[in-house]
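Good morning, and thank you for making time for this item. Please bring up the sequence and the structure, and I shall go through the backbone, the sheet and the overall shape in turn.

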Amino acid sequence: MLYVACEGESTEPDYLQYLNEQFGNGDGRGRQPFRIQPVYRRNGRTPSQVVEEARKAAGEDEAWALFDRDAWDDIPRAIKDAAESGIELAFSHPSFDLWLLLHFQTFGGAQSGSSKLVIEKLRRANGADAFRNYDKRDDKSVKGPRRDALKGREGKAVAHARSLVASCPHGSCSPDRATLGPGRENTRPQPLGEWVARSGHAPDCPVLQRDPSTDMWRLIAGLGIVEP
């Protein structure tokens, strides 16, 4: 059981439920069963609120905080709080929409918190016909045909996300140094630099400058859905 607190109220919880339904029973060969409990609310939360809700919901269980860059100004506080509580980070820059796009194609170029280009490319991506009207009329759900479009593409998404770490402008980041296991072996405060480096980025690589990037691949690989 792991608890994943979400900034959004639709896209991210929908995707997590998709993971439960598609992979949660294990594969009978080595990948263990799991159950993700999404933690979210109507109208969403700020990043620091996401971390706090993950901490409260999970207790001693594995906990993740899933939030975007967008235009939030409390991300440094959220990251500090996560390190102090052993909450894993699934941070996406500019947004979770990038993770969806990476199921279909690569992506590069700093977006400065804007998801406009990411969404445009997702709507037009080869094999992503179900996303043609994504984010139109406030529809950012991940259900039905959209879930079907994602199936079987997890390995590609992980590979594309790892490549973003490897190509980070910082120059010293490597996905091969990422930590995939849960971080709550204890709840003692963790060194901030070490905690933000669990994604494979260098400890001194500023989180807000990891543009574009998404840590979602660590969650997928940690659950054994894809071998990195």
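Predicted model: local features only at pLDDT ≥ 70, side-chain atom pairs only at ≥ 80, totals over all residues.

Proline 212 sits in the loop that runs from helix H8 (192-196) to E5. The peptide bond leading from aspartate 211 into proline 212 is cis, with omega near 0°. A cis bond also connects histidine 93 with proline 94, and there omega is about 15°. Proline 94 belongs to the loop between E4 and helix H4 (97-101). Most residues other than glycine have a negative phi, and most peptide bonds are trans.

Asparagine 43, a residue other than glycine, has a positive phi near 75°. Asparagine 43 is placed in the loop between E2 and helix H2 (47-58). Is asparagine 43 buried or exposed? Its relative accessible area is 66%, and the cut-off for exposed is over 50%, so asparagine 43 is exposed. Serine 112 likewise has a positive phi, near 55°, and lies in the loop between H4 and helix H5 (116-124). Serine 112 counts as exposed because its relative accessibility is 67%.

Let me turn to the sheet. Five strands make up an open, mixed sheet, and their order is E2-E1-E3-E4-E5. Strand E2 (36-39) and strand E5 (213-214) are at the edges; each has a single partner strand, so one side of each lacks a neighbour in the sheet.

How do the strands pair? Strand E1 (residues 2-6) runs parallel to E3, with 5 bridges between them, and alanine 5 has alanine 65 in E3 as its bridge partner. E3 and E4 are also parallel and are joined by 5 bridges; here aspartate 68 is partnered by serine 92 in E4. Strand E4 (residues 88-93) pairs with E5 in the antiparallel sense, over 2 bridges. In that pairing, histidine 93 has serine 213 of E5 as its bridge partner.

Why is strand E3 (residues 62-68) described as largely enclosed by the rest of the structure? The reason is that 6 of its 7 residues are buried.

With a relative accessible area of 22%, arginine 153 is partly exposed. Apart from neighbours within four places in sequence, its contacts are His103, Phe104, Asn126 and Gly127. Between arginine 153 and glutamate 120, which are 33 residues apart along the chain, the C-alpha separation is 19 Å.

Finally, the chain as a whole. The protein chain contains 9 helices and 5 strands, arranged along the sequence as β-α-β-α-β-α-β-α-α-α-α-α-β-α. For 228 residues, a compact globule would have a radius of gyration near 17 Å, and the 16 Å of this chain agrees with that. Along the principal axes, the C-alpha atoms occupy a box of roughly 45 × 40 × 35 Å. Of the 228 residues, 54% are buried. Of the contacts between residues at least 6 apart in sequence, 68% link residues at least 24 apart.

The chain carries 32 positive and 33 negative charges, whose mean positions lie 4 Å apart.

Conventions. Residues numbered from 1 in each chain as written. Heavy atoms only, no water. Buried < 20%, exposed > 50% of the residue type's maximum accessible area, 1.4 Å probe, protein only. Contact = heavy atoms within 4.5 Å. Helix = DSSP H or I, 4+ residues; strand = E, 2+ residues; numbered from the N terminus. Rg over C-alpha atoms; globule rule 2.2 N^0.38 Å. Lys, Arg positive; Asp, Glu negative; His and termini not counted. Charge placed at Lys NZ, Arg CZ, Asp CG, Glu CD. Pairing = 2+ DSSP bridges.
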